[in-house]
Amino acid sequence: MNPLRTTPPGQFVADFLTTFTEAVVHGAEDPADLMSRYYTHDVVQVADGVTLDWDRLLAHLRPVRRNLRAFRFEVHEAFADGDRIAARFTIHARMRKGGPVSTRVHMFAEFTPDGLLRRAEQLTRPIPVPATTAAAAAVTTVASETEK
């Protein structure tokens, strides 16, 4: 991961989310090794009031790896102050079952100087997926398109 201080905040967020998700879905790498390239071991991520630590985030990777078929991240805005970022972005995804989903995320995060996520507070809300957006959800295709 490129350090935040050398990358514009919006690009940093897009790169962080995209490269991590690509590695989760496409990779055969041990999930704990993968996480250690993106998160500190004392990470705390609070999403809609639910606190996830290292172990809970790690457990979340298996269902993502199994169920995510396509994804893209749309960063609407991001601001940085030192190693902290405030960002607003949308996750567009297509799941193995259930079709396309889009989620708006407002995130306040703290990163280490070398780009690892240390803490994040996120508020999310689902947004309607118009038919044209549903077709675009497959912009980044993940692994096999075989539906099981």
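The largest pocket has a volume of about 870 Å³. Of the 30 residues lining this pocket, Gln-45, His-60, Val-64, Phe-73 and Ile-91 are the closest to its centre. The structure is a predicted model. Its chain contains four helices and six strands, and a search of the whole structure finds eight aromatic pairs.

**Pocket lining**

- By class, 23 residues of the lining of the largest pocket are nonpolar and seven are polar, while no charged residues occur there.
- Two helices, α1 (9–26) and α3 (54–67), are among the elements that each supply at least two residues of this lining.
- The strands β1 (39–47), β3 (68–81), β4 (84–95), β5 (99–111) and β6 (117–127) likewise each supply at least two lining residues.

**Aromatic pairs**

- A pair of aromatic rings is described by the distance of the centres and the angle of the planes.
- Phe-12 and Phe-16 form a stacked pair, with 6.4 Å from centre to centre and 25° between the planes.
- This pair counts as stacked because its planes are under 30 degrees apart.
- Phe-12 and Phe-16 are four residues apart in helix α1, so about one helical turn separates them.
- Phe-12 is buried, with a relative accessible area of 0%, and Phe-16 is buried as well, at 5%.
- Phe-16 also pairs with Phe-111 in an edge-to-face arrangement, at 5.4 Å centre to centre and 80° between the planes.
- Because Phe-16 lies in helix α1 and Phe-111 in strand β5, this pair ties together parts that are 95 residues apart in sequence.
- Both Phe-16 and Phe-111 are buried.
- Ring pairs join Phe-12, Phe-16, Phe-20, Tyr-38, Tyr-39 and Phe-111 into a cluster.

**Chain architecture**

- From the N terminus on, the order of the elements is α-α-β-β-α-β-β-β-β-α.
- Of the contacts in the chain with a separation of 6 or more, 55% are between residues 24 or more positions apart.

**Burial and surface**

- The chain has 148 residues, of which buried residues make up 39%.

Technical notes: Residues are numbered from 1 along each chain as its sequence is written. This is a predicted model: local features need pLDDT of at least 70, side-chain atom pairs count only at pLDDT 80 or more; totals for chains, interfaces and linings use all residues. Side-chain values use heavy atoms; hydrogens and water are left out. On a 1 Å grid over the protein atoms alone, a cavity is a set of points where a 1.4 Å probe fits but cannot get out, and a pocket is an open set with protein on both sides within 12 Å along at least five of seven lines; lining residues have an atom within 4 Å of a point. Grid points are joined across faces, edges and corners, and a volume is the space filled by probe spheres set on the points. Ala, Val, Leu, Ile, Met, Phe, Trp, Tyr, Cys and Pro count as nonpolar, Asp, Glu, Lys and Arg as charged, and the others, Gly among them, as polar. Rings of Phe, Tyr and Trp (its six-membered ring) pair if their centres lie within 6.5 Å; planes under 30 degrees apart count as stacked, over 60 as edge-to-face and the rest as tilted. Buried means under 20% relative accessible area, exposed over 50%, partly exposed in between (1.4 Å probe, protein chains only). Contact means heavy atoms within 4.5 Å.
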